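Me: I'd like to go through this structure with you and ask what stands behind each label. Ready when you are.

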Amino acid sequence: MRIIRRTKHQGKKKPPLIEFRLAFVGTAWCISPDRDLLTAHHILNEGKARDPNDRFYAFTVPGNGPTAYHFPVIGFPLDDATHDFAILEVEPPAQPGQHIPAVPVAFGRPFDGTPVVTYGFPSPTIGGGNVSPDGSFLGGGQFFLKGHANEGIVAAQYELAGVWQFEFNVGWHHGESGGPVFQQEPFAGFAVMQHYRNIQTPHGIVAGPHCGRGLEPIRQQLLALNVNVA
């Protein structure tokens, strides 16, 4: 969840009005238990540089059950707009028994036709939320946040601007960007869901194949966090 603070000036005789806007902007996945989450950089500020005034919270919904748990983001060990990767550091779980388990990562290039699974959280409408005067999320709210998995194959791969790019015959929804693409043998996340390739049609430009980037450009940063490599 991104919490955006906006100040509206109402003239010289009235104090400025402070407003907060809440939105679920993407999906992140855990690479070191209860601490570091990997995602796409562009979700932090719609592709622009991250606004340091924004606050972020990671949410988990165990078993797609009725309760969501939130974890404040307290740091950004990686803030890489060039390769569209970000690593978020979250506070340890405050709720007894609640943890964010990590998944293995892989740096290889699965062959075309390799089965894959994607996982993300389609962005729900937020009907309400409790925010303190400084913009901290206080819990509660009205939203339907549920994880969503899909399966397909590696449909294409190529080098683009010095970075290995994958295409998948899998669609995803707004809010799933930043989520993992898993290979099944051995099970590991090897790419981050990022965007789609524009396609020209007789009726204009439409969304084409969905794309993700392999993790090789951030290998050293990931290894420094002692991630589990498959």
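Reply: Let's start with a rule: a disulfide is a pair of cysteine sulfur atoms within 2.5 Å. By this rule the count comes to zero disulfides. Some background: this is a predicted model, where local features need pLDDT of at least 70 and side-chain atom pairs count only at pLDDT 80 or more, while totals for chains, interfaces and linings use all residues. Residues are numbered from 1 along each chain as its sequence is written, and side-chain values use heavy atoms, with hydrogens and water left out.

Me: Why is Cys30 called buried?

Reply: Buried means under 20% relative accessible area, with exposed over 50% and partly exposed in between (1.4 Å probe, protein chains only). Cys30 has 4% relative accessibility, so Cys30 counts as buried.

Me: And what makes Cys211 count as buried or exposed?

Reply: Its relative accessible area is 1%, so Cys211 is buried.

Me: What makes a set of residues a nonpolar core?

Reply: The members are buried Ala, Val, Leu, Ile, Met, Phe, Trp, Tyr and Cys residues, joined through side-chain atoms within 4.5 Å. The largest such core here has 29 residues, and Ile31, Leu38, Leu215 and Leu222 touch the most other members. β7 (85–90) gives the most to this core, with five residues. Strands are DSSP runs (E, at least two residues), as helices are (H or I, at least four), numbered from the N terminus.

Me: Which residues does Ile31 touch?

Reply: Contact means heavy atoms within 4.5 Å. Leaving out residues up to four places away in sequence, Ile31 touches Leu38, Ile87, Val103 and Leu222, among others.

Me: How do you know where a pocket is?

Reply: On a 1 Å grid over the protein atoms alone, a pocket is an open set of points where a 1.4 Å probe fits, with protein on both sides within 12 Å along at least five of seven lines; lining residues have an atom within 4 Å of a point. Points are joined across faces, edges and corners, and the volume is the space filled by probe spheres set on them. The largest pocket comes to about 700 Å³. Its lining has 32 residues, with Ala28, Trp29, Phe59, Thr60 and Phe121 nearest the centre.

Me: What makes up that lining by class?

Reply: Ala, Val, Leu, Ile, Met, Phe, Trp, Tyr, Cys and Pro count as nonpolar, Asp, Glu, Lys and Arg as charged, and the others, Gly among them, as polar. The largest pocket's lining has 26 nonpolar, six polar and no charged residues. In the second largest pocket, of about 320 Å³, the lining divides into eight nonpolar, seven polar and three charged.
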